[in-house]
Amino acid sequence: MLKLVAVDTDKVLGTIELTEAGELTGSSPDIQNMIDTMASSRRASPQEAFEGLTFWSNGYVKVVPAEG
């Protein structure tokens, strides 16, 4: 599982998960839309998209592994 975190406050905005069924899911519709758009534009499989999002940042938000 990954966490989407605000860079300036370190507030967790949501999560991204690669399910055992191989689906990439976001914890909110906005996060789901973001990951669907990124995966589609890169023509990435769910696994590739998950790996590509790990440690990604746009300067406003960052994606980091969830602890535990």
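A residue is called buried when its relative accessible area is under 20%, exposed when that area is over 50%, and partly exposed in between, using a 1.4 Å probe and protein chains only. At 62% relative accessibility, phenylalanine 55 therefore counts as exposed. Phenylalanine 55 sits in the loop between α2 and β4, where helices (H or I, at least four residues) and strands (E, at least two) are DSSP runs numbered from the N terminus.

Before we go further, a word on the ground rules. This is a predicted model, in which local features need pLDDT of at least 70 and side-chain atom pairs count only at pLDDT 80 or more, while totals for chains, interfaces and linings use all residues. Residues are numbered from 1 along each chain as its sequence is written, and side-chain values use heavy atoms, with hydrogens and water left out.

Let us stay with the backbone for a moment. Most residues other than glycine have a negative phi. Phenylalanine 55 has a positive one, near 70°. Arginine 43 also has a positive phi, of about 50°, although it is not a glycine. You will find arginine 43 in the loop between α1 and α2. With a relative accessible area of 79%, arginine 43 is exposed.

Now step inside. A nonpolar core is a set of buried Ala, Val, Leu, Ile, Met, Phe, Trp, Tyr and Cys residues joined through side-chain atoms within 4.5 Å. The largest such core here has 13 residues, and the members that touch the most others are Leu2, Ile16, Leu24, Leu53 and Val63. At least two residues of this core come from each of β1 (2-6), α1 (29-42), α2 (46-53) and β4 (61-65). The biggest contribution is that of α1, with 4 residues.

Contact means heavy atoms within 4.5 Å. Setting aside neighbours within four places in sequence, leucine 53 is in contact with Leu2, Ile16, Ile35, Met38 and Val63.

Not counting residues up to four places away in sequence, isoleucine 35 touches Ile16, Leu24, Thr25, Gly26 and Leu53. Proline 46 is 11 residues from isoleucine 35 along the chain, and their C-alpha atoms are separated by 9.3 Å.

Glycine 26 counts as partly exposed, at 23% relative accessibility. With neighbours within four places in sequence left aside, the contacts of glycine 26 are Thr15, Ile31, Gln32 and Ile35. Glycine 26 and threonine 9 are 17 residues apart in sequence, with 21 Å between their C-alpha atoms.

Next, how do the two helices meet? The axes of α1 and α2 come within 10 Å and cross at roughly 110°; axes are lines fitted to C-alpha atoms, for helices over the stretch in contact, and angles run from 0 to 180 degrees between N-to-C directions. Angles of 65 to 115 degrees count as roughly perpendicular, under 35 as roughly parallel, over 145 as roughly antiparallel and the rest as oblique. The helices α1 and α2 are therefore roughly perpendicular to each other. On the α1 side the contact is made by Ile35, Met38, Ala39 and Arg42, and on the α2 side by Ala49, Gly52 and Leu53.

Alanine 39, in helix α1, is buried, with a relative accessible area of 14%. Leaving out residues up to four places away in sequence, alanine 39 touches Ala44 and Ala49. Valine 12 is 27 residues from alanine 39 in sequence and 22 Å from it in space, C-alpha to C-alpha.

Our last stop is valine 5, in strand β1. Valine 5 is buried, with a relative accessible area of 5%. Not counting residues up to four places away in sequence, valine 5 touches Asp10, Lys11, Val12, Leu13, Tyr60, Val61, Lys62 and Val64. Valine 5 and proline 65 are 60 residues apart in sequence, yet 10 Å apart in space, C-alpha to C-alpha.
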